[in-house]
Each structure stands twice: as C-alpha cells, then as structure tokens.
Amino acid sequence: MMRERLRSALSRYFDGESTAEEARRVEDLLSSSEEARSYLAQLERLRSHLRPELPESDPDVTGKVMAAISQGERDPRARRLRLTAAFAAGALAGAVFIGLTVRRPNPVAVADIPGRVLAAQNQVNSLTARLYVVETGWHPDVNRRVFDGEIEYLAPETLRVELDDETVYPSPAWIPNDSSYVVDEDVTWSVSVAACPVEALPECTPSEPRVQVRADREPFPDAVPAPLDLVVPIAGFSRAGEPPSLGADVIDGREVVGVEVSVAQASALLEGLTSLGNWRQLHPTDRVELWLDRSALVPMALSVYPADTPDRLLWAIRQGYDDHSGEPILQVTWSEVSINGTGAPSMPPPPDVLPLSHRFVDGPVSFEQILAPSHVPEGMTLYRTGTVDPSSGSPVSVVSWTDGRAWLKIRWTDRWEGDRLFGDLGELVRQAAVASGVVYLDERGDRIGIHGEDLDAVLAGSLTTDAMLEVAANLGFEGLPIPNSWDEAATTT
C-alpha cells in the first residue's frame, strides 16, 4: 500500500496546496508511478460523486453523511477532500455543504439579480483577481486540465486576462494551452496556441504560440464580449427574467449570492475566458451555477454542468464527449479580488508584430442625418466617435457614450442595401413603437434596430432595454416598418 506520507503529498497536490518544490516532486512521481496516477484518479472520482441539495426541512442526516464519507463521496464544488467525521457530525444543522459555508436563501440578498447586475456596473471602476480554472472531458487522453491566471480591468475598455496551463500532460507532444488576451481601448492583442480539432491532437498544435495584434478597434464592438462583461456579467442577465436562486454563501471571505443560468445566458463571460486556444465545447443549454459578490455582483465562482436532455446527449456523442449530468465540466473560481483599487497598467503589445486593422478611424462624425439624441442617460458623456471603412463605398458611422463604466453606442449608414435589418439583430426580433416611429429589438433586448427612409441604424449598450428605447425615441429620424421581403418581417409580432 502507498505510504501515508505520499498519499498526503498527492492529496495536497490535488487540492492545490503543494509548495512549488513539492509539486515538482509529485509531477515526477506521477510520470513514473502507475500507483500514484491511480490514486490521483480515485481522488477525482471521490470529489465528483456527491451533489449538494438544500433540503426543504431539517432532517437528521448524520447517518447518511457518515455513510457517504465512509464510501468516499465528495461534493464536486468542494476544494477540500479531507473532512473529519467529528466536523461532519457537528456541522449538521440543516443542509450540509463540504468546503463552503452555505446558508438558506435570503430573499433580500438574492432578489432581482438582473436589475442589481445592471446597477452594479456603475460601481466597478477597476478589478483585479486571480483565476483558477478546472476543465474536464476535453480529450480522451487528457480528461482533466488545470489553469492558474489573472484578470485586470479598468473601465471602460482596458482588460487583461492571462491563463497559465498547469496540466500534467502525457508527453511533451502536448503543448500547454497558455493564453493572454489584452484590450487597451483601440488596440487588442493575444498570445495563445493555435486551435486544433480534438481528433487531430496533439500532433496538429504548433510548438510556437500564435501572436495576434489588432489596431483601430471601434468602441465596444459587437463581435467580441465587452470588457465589462468579464467583470460584471451584463450580457445575458440584464434583460432576462429572475433566474433560479442558489441562496447565499461566503467565498474567499466575500458574501455571495448564487443563481442558476444557462451557458447561453453566460456566454459572454465564458467566451471571454475560454475563447483562445484549445478548449472543450459547451452546449448552450448546459447549466451554470454562478456565484456573484453580493455587493458588486462580480463573479466569484462558476460551475458548468451538462444538461440532461436527449438533444444534448446526441450532441455529446457527436462531439465525442463522455459527460455525466451530475459532474461539472468547467469550474472557475476568482480569488484575491480587489475592486476599485489600483487601475490596470498600460499593456503594450509584443514588439515586432505587424498589427492588423479593424478598419475603424477615430474622428468627428456628422450628425446632419441622425442628429445627436436629445436624451442620453444621466452621467453619460460623449466617448469615442469615428467611422468604419471610411474609404469604402459604404462607410458606417459610430458614436458612443459612457459614464466611465456603462456604455451606449449608435452605428448608422445611409448606404444600406441589405434585405434584413442593419446590425444583424438575428431573425427573432420584436417590434416596438416609440415617439420617433417603429423600432426593432433583438431577442435579448440589448440591441435596437431602426430602419428609416434614407438611413439605417442600430443601438447597443449595457443599459436596460427601457433606457435604450428612450434614447431611440429621441433620435432625429423616423423609424419605419421594414419591407415585407426582409428576413425578419415574419417574426416582428
């Protein structure tokens, strides 16, 4: 039998509690000892079996918990495997969670999460935190991967996300999935491994990282998550109904509230963390347990669980995933969180890399056709203005406002020749009447399209739908119903 000293070292390594020197010794042991690898696999299984439940009443569950401990079951959200029987017996006053101090839901603490998230964006000027990520099911030969990293944010458009892959891979042929992503207003740059199909790994991954630098970025582009979405998850929450509550808790010394949402609702946050390099795919209906700081509503922890539906099962088979509904496939924790402390430093891109252009040119724009709206939310001032493709035959004008954190943007053109709403709102739109005519809202209500006689525009922002509708109502042109031949015409009711 493995000596107790080695078991303790492996347990500390699994819990992330090893010193750097001890971690190196353990990794050397894992590369040469089948017994050590088997024991680590047992720890993984132990932690993944127990799913916490919050009982309706306060039953005496001491016996069940003691039996669970004796069988080696553990909560997947726990970060500690070692739990003494004395603690288990003494801590049972209702629900039992391993590793977290869980309380019953406080209606005041967890009420109106979408509205509170929207309000919280005005409280966060800057944020720094450490990130810890665990991913499972990525590849048949590498089931579990671990990342350590950092995030820095300075409102409204400065962001750095860095993840270091600390996974012990089967051989040097596997290239670690290290990544860095930086937004510095009109410049973005990233360093990561090139993405590869799972079935072609590890041979298809180049040994040298991919470095990309993009300049001339327009403010708050639609194609990528806004930096704010990685700090206060606006997208997916601001226009949604009240999500199911997970109650209140304490994580890393901070009071938190938990909500249950889908991957689709948390997509901006998830994509911001895992868009670079090689990551497993998540299904839009997968369940996300998200814990937010009670005051600032910044993320503190999230776990993604596979949805238990036939469609999702078929999708997993096609992707080659062996997922189980009760086991998390992605876990992220934030620690050492500092809000409104020191701002993010300047982060220049790597030298000697020729930047590609987003084709946005900062500069004044003409309001002769659209006119400046006669109303913008209180506290917002003009931020960046300019033109996309100014030398082309169909330039797009852009004007944006911010109060330093929340943002609003209008894009418009007088050269639109498409057969759908300008701004690509998607097929599911709904029509609304405002003082200036007819407007169209996308499925989530965070973008508003306007079709005029000689002008087409789209509004976007981190504001409430009502606030953006008020801006749309005060623009200087009339919104008209879209032609019946346009793609969205069949869904406008």
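The legends below describe close-up views of a predicted model.

**View 1. Overall make-up of the protein.**
The protein contains 10 helices and 20 strands. Of its 493 residues, 49% count as buried. Among contacts with a separation of 6 or more, 66% join residues 24 or more positions apart.

**View 2. The open sheet of eight strands.**
The strand order is β13-β14-β15-β16-β20-β19-β18-β17, and the pairing is antiparallel. β13 (360–362) and β17 (430–434) stand at the edges. Each has a single partner strand, so one side of each is left without a neighbour in the sheet. From one strand to the next, the twist averages 25°.

**View 3. Pairing of β14 with β15.**
Strand β14 covers residues 381–388, and strand β15 covers residues 396–402. Six bridges join the two in the antiparallel sense. Thr-387 stands opposite Ser-397 of β15.

**View 4. β18 and its two hairpins.**
β17 and β18 run antiparallel and are joined by five bridges. Arg-430 has Leu-441 in β18 as its bridge partner. Two residues lie between these strands in the hairpin. Five residues separate β18 from β19, and Gly-445 in the turn has a positive phi of about 80°. How many of the five residues of β18 are buried? Five of the five are, so β18 is largely enclosed by the rest of the structure.

**View 5. Helix α10 across the strands.**
Helix α10 spans residues 465–472. The helix lies across β16, β17, β18 (437–441), β19 (447–451) and β20 (456–461). Relative to β20, α10 runs at about 150°.

**View 6. Two nonpolar cores.**
In soluble globular proteins, nonpolar side chains tend to be buried together. The largest nonpolar core here has 50 residues. Leu-127, Ile-151, Leu-302 and Trp-334 have the most contacts inside it. Apart from this core lies another, of 26 residues, including Leu-463, Leu-469, Ala-472 and Ala-473.

**View 7. Surroundings of Leu-127.**
Leaving aside residues up to four places away in sequence, Leu-127 touches Ile-151, Glu-152, Tyr-153, Val-231, Val-298 and Val-337, as well as Ser-338 and Ile-339.

**View 8. Aromatic pairs.**
There are eight aromatic pairs in the structure. One of them is the stacked pair of Phe-220 and Trp-407, at 4.4 Å centre to centre with 10° between the planes. This pair links distant parts of the chain, 187 residues apart. Phe-220 sits in the loop between β6 (210–215) and β7 (245–251), while Trp-407 belongs to strand β16 (residues 407–413). Phe-220 is buried because its relative accessible area, 1%, is under 20%. Trp-407 is also buried, at 9%. Trp-416 and Phe-422 form an edge-to-face pair: 5.3 Å centre to centre, 70° between the planes. Trp-416 is partly exposed at 32% relative accessible area, whereas Phe-422 is buried at 6%.

**View 9. An aromatic cluster and two charges over rings.**
Trp-138, Tyr-169 and Trp-174 form one aromatic cluster. Arg-145 lies over the face of Trp-279, with 5.5 Å to the ring centre. Over the ring of Tyr-321 sits the charged end of Arg-280, 4.0 Å from the ring's centre.

Key:
Residues numbered from 1 in each chain as written. Heavy atoms only, no water. Phe/Tyr/Trp six-rings, centres within 6.5 Å; stacked < 30°, edge-to-face > 60°. Helix = DSSP H or I, 4+ residues; strand = E, 2+ residues; numbered from the N terminus. Buried < 20%, exposed > 50% of the residue type's maximum accessible area, 1.4 Å probe, protein only. Lys NZ or Arg CZ within 6 Å of the ring centre and 35° of its normal. Core = buried A, V, L, I, M, F, W, Y, C linked by side-chain atoms within 4.5 Å. Contact = heavy atoms within 4.5 Å. Pairing = 2+ DSSP bridges. Axes fitted to C-alpha atoms, helices over the stretch in contact; angles between N-to-C directions.
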